[in-house]
Amino acid sequence: MTTTIPGSAARPLGGPRPALLAFLDGVGTVTGSKFLVESDHARVLADCGLFQGLVGLHRRNWHGLPCDAGDIEAVAITHAHLDHCG
């Protein structure tokens, strides 16, 4: 049996789900970029940057990840700026 998800191709019922993208940090500011891409097969962190700028932003550098770091299989860095790879 197949099911159709709006905006996607038909897939078997109970088959793999589409990958999910979660914005972990860097939202509302231009530093501290962190995105989690999660599928049935892997969890990959895209960027893991430092916050730069005002003291309030610097304090966010010591906050833990909102997920278990041991579950992340890889980190992909988009480019070599501290706000993306710090």
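# Briefing on a predicted model: sheet, loops and side-chain contacts

Thr 78 is located in the loop that links S6 to helix H2 (82–85). The model is a predicted one.

- Beyond the neighbours within four places in sequence, Thr 78 is in contact with Asp 47 and His 84.
- The side chain of Thr 78 makes a polar contact of 3.5 Å with the side chain of His 84.
- A polar contact of 3.2 Å also links the side chain of Thr 78 to that of His 79.
- Thr 78 and Asp 47 lie 31 residues apart in sequence, and their C-alpha atoms are 6.3 Å apart in space.
- Asp 47 itself belongs to the loop between strand S5 (43–46) and helix H1 (55–59).
- Asp 47 is buried, because its relative accessibility is 1% and the limit for buried is under 20%.
- The backbone of Asp 47 has a phi near 75°, which is a positive value in a residue other than glycine.

**Phe 51 in the loop between S5 and H1**

- Phe 51 is also placed in the loop between S5 and H1.
- With a relative accessibility of 2%, Phe 51 counts as buried.
- When residues up to four places away in sequence are left out, Phe 51 touches Asp 25, Gly 26, Thr 29, Thr 31, Gly 32 and Lys 34, and also Leu 57, His 58, Arg 60 and Asn 61.
- Val 30 is 21 residues from Phe 51 along the chain, and the C-alpha atoms of these two residues are separated by 8.4 Å.

**The four-stranded sheet**

- An open sheet is formed by 4 strands in the order S3-S4-S5-S6, with mixed pairing.
- Strand S3 (20–25) and strand S6 (74–76) are the edge strands, each pairing on one side only.
- On average, neighbouring strands of this sheet are turned by 25° against each other, with direction ignored.
- S3 and strand S4 (residues 34–38) run antiparallel and are joined by 5 bridges.
- Leu 20 has Glu 38 of S4 as its bridge partner.

**Arg 43 in strand S5**

- Arg 43 is part of strand S5.
- A relative accessibility of 18% places Arg 43 among the buried residues, because the limit for buried is under 20%.
- The side chains of Arg 43 and Glu 38 form a polar contact of 3.2 Å.
- Apart from neighbours within four places in sequence, the contacts of Arg 43 include Leu 36, Val 37 and Glu 38.
- Further contacts of Arg 43 are Cys 67, Asp 68, Asp 71, Ile 72, Glu 73 and Ala 74.

**Cysteines**

- The structure contains 0 disulfides.
- Cys 48 is partly exposed, with a relative accessibility of 30%.
- Cys 67 has a relative accessible area of 16% and is buried. Cys 67 is also one of the residues in contact with Arg 43.

- The structure holds 1 aromatic pair.
- The ring centres of Phe 23 and Phe 35 are 5.2 Å apart and the planes stand at 80°, so the pair is edge-to-face; the limit for that class is over 60 degrees.
- Because Phe 23 lies in strand S3 and Phe 35 in strand S4, the pair ties together parts that are 12 residues apart in sequence.
- S3 and S4 are the two strands that 5 bridges join in an antiparallel arrangement.
- Phe 23 is exposed, at 53% relative accessibility.
- Phe 35 is partly exposed, with a relative accessible area of 24%.

Conventions
Residues numbered from 1 in each chain as written. Predicted model: local features only at pLDDT ≥ 70, side-chain atom pairs only at ≥ 80, totals over all residues. Heavy atoms only, no water. Buried < 20%, exposed > 50% of the residue type's maximum accessible area, 1.4 Å probe, protein only. Pairing = 2+ DSSP bridges. Axes fitted to C-alpha atoms, helices over the stretch in contact; angles between N-to-C directions. Contact = heavy atoms within 4.5 Å. Polar contact = N/O pair within 3.5 Å; in protein donor to acceptor, adjacent residues only side chain to side chain. Disulfide = S-S within 2.5 Å. Phe/Tyr/Trp six-rings, centres within 6.5 Å; stacked < 30°, edge-to-face > 60°.
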